[in-house]
Amino acid sequence: MKKINSHIMYGTAWKEDKTERLTLNALMAGFNSIDTANQRKHYNEEGVGKALHAFIKSTGADREEFFIQTKFTYKEGQDHRLPFDPQAEPATQVKQSFSSSLGHLQIDYIDSYVLHGPSTRFGLSERDYQVWTTMEELLSEGKVNYLGISNVNAEQLNFLFEKVEIKPSFVQNRCFARFGWDKEIREICKNNNIIYQGFSLLTANREVLTHPRVIQMSKTMNKTIPQIIFSFARQIGILPLTGTTNRKHMEEDLESVDITLTKEQVNSLTNISTRKSSSF
Ligand SMILES: NC(=O)c1ccc[n+]([C@@H]2O[C@H](COP(=O)([O-])OP(=O)(O)OC[C@H]3O[C@@H](n4cnc5c(N)ncnc54)[C@H](OP(=O)(O)O)[C@@H]3O)[C@@H](O)[C@H]2O)c1
């Protein structure tokens, strides 16, 4: 699969007017995979585009060297700054949002185009299938390389996988240790050749970061706790996201690729906080 040579993705949410500077810092630190969304409420896609453009201009790098992922977000997930006509049909909204993304990012194709989340909490609606069909068209026209879906539960992912023609290549979910690090979804991904992207690996799992076993691992290995979490995630098949705003953390997160945990350490972390039921 092209360009998923990346071991960690840089996430650009919640950075507002610092998006351009922080994304540029991340590119300079060595990140080549960037996650954003055409959802002004939480992301500044235009800032990402400015950073990418500035980096390419100053280094002479090729667009092909970067993996750029953005998302289509329903009206319900947006504030008043909509990237489409709210009265338009779903297909038109996707096309408008997509073309606005290309403009913001100053590029002519997207590596991965992600449905930010299904329109309903359970199951998939007709609107979700219409949106997916339009995303498939963008892929068939060569404007997108891969499709993905975010914030899905197992039932929704199975429905999508069974019904659509072009299957998702990515799932992006919040990854809770207490639900076995999203075990059920990861299993589906593993069985269907889907790359699982995990976010909130640090922020959703405070109990892991402060767990005596993890603190001990960090001391023994002389690695930071986030580095251990990201290495562990990778070893169980998760492509981690980090949205750190700190240059030193960026470097540490990138360096986590060189860390290998033992089988015992992986097992210990796998079950560190497991509860019986899932929130989905
Ligand atoms: N699809 C969705 O619905 C969705 C939802 C949420 C997020 N995302 C994506 O995932 C990305 C990551 O979001 P996230 O929820 O995982 O949170 P995050 O924005 O990555 O936040 C990580 C937090 O941990 C701290 N931290 C401390 N040490 C760190 C280290 N060494 N490395 C990294 N962070 C460290 C960071 O502080 P410092 O800044 O000081 O390092 C920050 O406060 C987002 O930017 C977005 O692209 C997607």
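1. In this predicted model, the shell around the ligand draws its largest share from helix H10, which contributes 3 residues. Both strand S8 and helix H10 (247-255) supply at least two residues each to that shell. Among the 24 residues around the ligand, those that come nearest are Gly 11, Ala 13, Phe 199, Gly 243 and Thr 244. Sorted by class, the shell holds 15 polar, 6 nonpolar and 3 charged residues.

2. As to the fold, the protein chain contains 11 helices and 8 strands, and 8 strands close into a barrel in the order S1-S2-S3-S4-S5-S6-S7-S8, with parallel pairing. From one strand to the next, the twist averages 30 degrees.

3. Phe 72 has Leu 115 in S4 as its bridge partner.

4. On the helical side, helix H9 (residues 225-235) lies across two strands, S7 (195-199) and S8 (238-242), and runs at about 150 degrees to S8.

5. The C-alpha trace spans about 55 × 45 × 35 Å along its principal axes, and buried residues make up 40% of the 280 residues. Of the contacts with a separation of 6 or more, 74% are between residues 24 or more positions apart.

How values were computed:
Residues are numbered from 1 along each chain as its sequence is written. This is a predicted model: local features need pLDDT of at least 70, side-chain atom pairs count only at pLDDT 80 or more; totals for chains, interfaces and linings use all residues. Two strands pair if DSSP finds at least two bridges between them. Helices (H or I, at least four residues) and strands (E, at least two) are DSSP runs, numbered from the N terminus. Axes are lines fitted to C-alpha atoms, for helices over the stretch in contact, and angles run from 0 to 180 degrees between N-to-C directions. Two residues are in contact if their C-beta atoms, placed from the backbone, lie within 7 Å. A residue is near a molecule or strand if its C-beta atom, placed from the backbone, lies within 6 Å of it. Ala, Val, Leu, Ile, Met, Phe, Trp, Tyr, Cys and Pro count as nonpolar, Asp, Glu, Lys and Arg as charged, and the others, Gly among them, as polar. A residue is buried if 20 or more other C-beta atoms lie within 10 Å of its own, exposed if 12 or fewer, and partly exposed in between; C-beta atoms are placed from the backbone.
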